[in-house]
Amino acid sequence: MNRLLAVVAVLLMGAADVPDLDRVMGALAQRKEGHVSFTEKKFIAMLDTPVVSSGELLYNAPDRLEKRTLLPKPEDLVLQGGIVTAQRGKRHYTLDLKQYPQVLPFIESIRATLAGDRAALQRIFKVDFTGSFERWSLDLVPLDTKLAKTVSMIHIEGATDFIHTVEIREADGDRSLMTISPDVGQ
Amino acid sequence: MTRTGRLATAVWAAFLLAAIVIVAFARYTTDLSAFLPRSPTPTQRLLVDQLREGIASRLILVGIEGADPAERARISMAMARQLRGDAKFMAVSNGEAVGVDKDREVLFNHRYLLSETVTPERFTAEGLRDSIQETLDLLASPVGMLAKSLLPRDPTGEMLQIIDQLGSERQPPSSDGVWASRDGKRALLVAQTRAAGSDTDGQEAAVAAVRAAFDVATRATCTGARNEATANVCGEVGAGGAATEASSATAGAGGVATEASSATAGARGAATEASSAAAGAGSAATETSSTAAGARGAATETSSAAAGARGAATEASGTAAGASGTAAGASGARAALSLEMSGPGVFSVAARANIKQQVATLSVVSTLLITLMLLWVYRSGRALVLGLIPVASGALAGISAVALGFGSVHGITLGFGVTLIGESVDYSIYLFIQSQQRNATLWSTIRLGVLTSVVGFMSLLPSGFPGLQQLGLFSISGLIVAALVTRYVLPHLMPPNLTIADVTPLGAAVAAGIQRVRMPTTLLLVVPIAAALVLYTHRGSVWNHEISALSPVSASDQALDAMLRSDIGAPDVSYLVVVSGPSQEAVLHAAEAVNPALNTLVEEKVISGFETPARYLPSLEAQRARQTSIPKPEDLQGNLVRALQGLPLQIGRLEPFLHDIDSARTQPLLTRKDLDGTSLATGVDALLLSDGARWSALLPLRVPTTVAIDIARVHSAVSKVALGSGVETVVLDVKGEIDKLYSSYLTEVVRLSLAGFAGIVVLLGFFLRSAGRTARVVAPLALAVLTVTAGLVLLGQQLTILHLIGMLLIVAVGSNYALFFDRSSHEGSATLTLASLVVANTATVLGFGVLAFSSVPVLSALGSTVAPGAFLALVFSALLAGGGDTPRAMAA
């Protein structure tokens with residue numbers, strides 16, 4: 001059965017190295033939790049210099065992702081089961097991703113990758129895998145044309161079961177680059 | 001016929017003609033507020049009047065159940081689409097981001113007039129730097145990412161600020177793109193009709209339109225792809241099917257208060273309409289809060305759809321919404337689709353239908369029963385017809401009196417009219433049965449009986465319940481006319497050879513029965529003692545202090561309304577700050593003045609939040625102040641240059657901002673008209689009321705759920721606010737006001753009842769000329785009242801004002817029978833008298849007894865009290881009279 005799937009996948013994805021994608025997804029799926037630090041640079045056309053933020057990312061399989069921003073302003077963003085809760089200073093926001101499909105790609109791209117949830121990725125994006133298990137990159141292009149008008153591509157680089165960078169390129173030319181450093185603590 | 005006979009008949013015929021004309025042209029209403037106390041103070045009356053026509057009265061809450069979330073969402077969207085195209089509706093909200101463009105446009109174009117952070121400090125170099133820095137920081141966050149597009153025009157983040165100001169309201173949770181209940185089982189819609197709540201016909205058309213939209217939408221499901229999934233869903237869809245309509249009269253628990261449309265008597269402490277505008281205000285407030293919630297929700301949606309924003313948040317009340325939605329979808333069996341509606345309009349439509357149906361049924365049933373009984377007794381059709389002539393005359397007289405006296409006749413009054421049938425037929429019964437024996441005192445006894453009944457009903461006239469006043473007038477005129485017709489007209493209409501069945505055997509049987517059950521008077525003391533015991537042991541739960549007990553809305557409908565309201569997120573408003581003043585501007589200005597005090601209370605956690613119309617429509621003064629905060633272009637430019645030093649933003653990028661803010665300096669101020677077509681208009685209209693002369697702003701308070709609200713602190717905080725002249729603020733504790741009002745009315749009715757009772761006793765004393773005789777007449781009546789009261793309490797029925805009135809009526813009506821027994825003990829009674837009493841009493845009991853089964857609480861309370869009471873009055877009179885007499889006196 002697996003072999004059949006592999007064949008079909010090869011036909012569908014062309015030159016993608018399918019078994020390696022599976023291995024990567026499998027390895028990622030094995031990681032049930034992670035605690036890393038990140039630095040994010042947002043290149044916005046309007047601004048002269050990128051907006052830089054940094055903090056920590058916490059992940060708990062299968063669908064809890066917490067982004068604790070420490071700089072420039074503290075903010076806590078939690079994605080749990082399709083709902084995003086943000087706390088910024090005195091303000092609380094809650095976002096149901098089902099209602100805001102335009103936010104979905106940004107968040108699902110990271111979450112699905114972390115969870116090794118290939119099916120989820122392929123539901124929203126056309127997935128292009130290059131490289132090998134040791135050093136790989138994923139190019140995600142939104143399938144939905146409307147979404148593609150906001151996000152043109154998401155580029156994720158990693159090694160084995162670890163994600164190093166997430167780059168989001170927006171249709172209007174802006175992009176954001178998140179660099180992830182190894183585990184903070186255990 | 002003699003001359004007097006001809007004269008009498010002529011007068012009567014003329015009177016009948018006049019009455020028929022009046023009745024034919026009279027106006028009939030089903031305004032349920034008639035059976036709730038009138039609002040005493042001008043403020044309350046203003047609020048209630050507003051609520052008749054205002055926003056609150058026009059909302060229809062719709063719930064869709066069954067199938068799965070996706071299907072419900074589809075139906076919700078289909079219905080909304082169809083209803084939005086229907087001219088009968090001004091707005092339809094279901095969680096879809098429709099009409100957000102207009103909202104967004106208005107908010108954005110007036111952002112410098114609306115945002116509370118627009119102050120002179122904002123546009124100094126430091127202020128600009130701080131606000132722009134904050135916006136930039138927000139860009140780093142995913143939350144603010146969507147605000148990117150606003151940056152060139154609104155770098156200080158006023159739009160986001162406005163969203164924040166507005167967006168603090170809870171929105172209903174969403175599922176599949178539409179509003180859904182917390183447990184995910186229901187899709188929700190709120191439709192705002194064009195017709196006012198008092199326009200029952202318009203509301204009926206609107207309700208029908210909603211139902212039609214539902215039918216169309218569900219038919220599409222079923223005629224579409226026929227597969228397993230839809231099969232069992234379509235089983236019962238269609239007219240009636242599984243649809244539950246919030247039927248039968250009013251009373252939104254959440255408070256739908258509009259005088260004409262519905263009496264609210266929600267268990268959850270919102271309005272009872274006429275009872276108190278406070279109540280009305282509460283309900284309106286609840287309703288307005290729900291519309292406000294809707295408005296805010298839409299505002300939130302628009303900004304998030306458009307600009308995203310700091311606030312794009314809908315505070316999901318429960319993440320369960322999403323979860324349960326999927327869970328439900330996963331479950332195999334799907335229930336059939338059903339529609340539920342609630343709201344003032346819905347209730348009033350149902351009420352009208354119910355009352356009409358009740359009146360018709362009750363009249364037919366009681367007439368039938370009484371007719372059958374009389375036929376059986378008289379065995380003469382002609383006698384029956386003649387006997388019903390006074391009844392018909394009395395009924396016509398009653399209706400015309402009410403129509404002339406009140407301008408319109410209430411449906412419930414007509415329903416109560418059936419009792420008149422039972423009572424007025426008594427006179428012809430006496431006439432027919434007792435005319436076979438010479439009876440000199442017949443008419444004097446009947447006259448006294450009529451007088452006591454009249455005195456009893458007269459005590460209803462000064463009551464503060466318009467509906468009860470109608471009942472009183474109806475009965476008084478009806479009884480008097482029926483008695484007069486029986487006395488002066490009927491004898492002339494009777495053929496001389498009129499024979500009815502011989503009821504002597506009946507009379508003899510009754511007499512024998514009384515003999516057998518004869519007991520010493522002292523034994524009857526057991527009754528009051530037992531009754532007192534029962535009342536004492538139940539003393540805690542005897543009285544029902546809820547005004548909801550008077551409302552004709554069934555408990556299930558109140559529950560449905562409460563459920564829909566809580567789903568839609570309409571907060572349970574029981575506290576309001578009402579700001580009233582001579583003009584809209586004064587009132588908005590005062591509302592803004594109160595703002596800081598209320599904000600402090602929120603920070604101190606005394607209240608958890610509040611609503612104010614000033615958020616949607618700031619006062620002109622506040623807008624002007626903001627406008628003048630904006631510096632001249634050259635100054636602003638200079639400040640901006642200094643502010644941007646060190647920030648990664650070039651001033652060139654902010655040209656659109658400079659252009660916009662310059663035009664904001666001279667733009668026309670925002671008025672209510674500018675909000676037309678947006679959901680903000682709904683919010684303003686709900687909270688800003690006017691009766692032409694005086695304006696009122698409602699500021700509903702949200703109370704903390706965990707602790708009881710410290711209303712004293714709210715009072716003191718609000719009263720410390722300095723206000724302009726002619727402006728006043730009031731903190732209304734809605735539930736407290738209702739309870740106070742109810743207690744005061746209870747007291748009033750108690751007083752009136754006692755006065756009526758005293759009047760009857762005095763009357764009896766005057767005519768009977770003997771304290772002893774009076775006591776013997778009154779005693780069985782008192783016993784009957786005690787027994788009925790104790791009986792009702794034992795059966796678990798909580799007593800209301802209406803039961804109290806019923807007790808008075810027992811005395812008034814029962815006296816007719818007691819008087820005959822009194823007379824008989826002095827002049828010797830005939831078995832015929834006994835027979836006539838039994839027949840007359842049966843007719844009365846049937847007349848009132850039929851009411852006891854009515855679904856309208858007013859009628860059932862009166863019926864269930866008076867029917868047994870009248871019967872017991874006869875029984876106790878017989879026992880007491882029989883107890884003291886020798887057998888010979890009882891014989892014919």
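One definition before the residues: buried means under 20% relative accessible area, exposed means over 50%, and partly exposed is in between. Keep in mind that this is a predicted model.

Take B:Leu375. Its relative accessible area is 34%, so B:Leu375 counts as partly exposed. You'll find B:Leu375 in helix α13 of chain B, residues 344–378. Together with B:Leu368 and B:Leu372, B:Leu375 makes a nonpolar surface patch of about 280 Å².

Now the rings. How many aromatic pairs does the structure hold over all chains? Seven. One of them joins B:Tyr112 and B:Phe657. That pair is tilted, with 6.5 Å centre to centre and 50° between the planes. B:Tyr112 sits in helix α5, residues 111–114, and B:Phe657 in helix α24, residues 655–666, so the pair ties together parts of chain B that are 545 residues apart in sequence. Buried or exposed, B:Tyr112? Buried, at 2% relative accessible area. B:Phe657 is buried as well, at 0%.

Next, B:Phe416 and B:Phe457. Their planes are at 75° and their ring centres 6.4 Å apart, so this pair is edge-to-face. B:Phe416 is in helix α15, B:Phe457 in helix α16, and 41 residues separate them. B:Phe416 is buried at 1% relative accessibility. B:Phe457 is buried at 0%.

Back to B:Tyr112 and B:Phe657: ring pairs link them with B:Phe123 into a cluster.

Last, chain A. A:Arg23 lies over the face of A:Phe133, 4.0 Å from the ring centre. A:Arg175 lies over the face of A:Phe43, at 4.4 Å.

Definitions and conventions: Residues are numbered from 1 along each chain as its sequence is written. Chains are lettered from A and ligands numbered from 1 in the order in which they are written. This is a predicted model: local features need pLDDT of at least 70, side-chain atom pairs count only at pLDDT 80 or more; totals for chains, interfaces and linings use all residues. Side-chain values use heavy atoms; hydrogens and water are left out. Patches are made of residues with over 30% relative accessible area and no salt bridge: like charges are joined within 9 Å, nonpolar side chains (Val, Leu, Ile, Met, Phe, Trp, Tyr) within 5 Å. Accessible areas come from the Shrake-Rupley method with a 1.4 Å probe; for residues, only the protein chains shown count as cover. A salt bridge is a side-chain nitrogen of Lys or Arg within 4 Å of a carboxyl oxygen of Asp or Glu. Helices (H or I, at least four residues) and strands (E, at least two) are DSSP runs, numbered from the N terminus. Buried means under 20% relative accessible area, exposed over 50%, partly exposed in between (1.4 Å probe, protein chains only). Rings of Phe, Tyr and Trp (its six-membered ring) pair if their centres lie within 6.5 Å; planes under 30 degrees apart count as stacked, over 60 as edge-to-face and the rest as tilted. A charge sits over a ring if NZ of Lys or CZ of Arg is within 6 Å of the ring centre and within 35 degrees of the ring normal.
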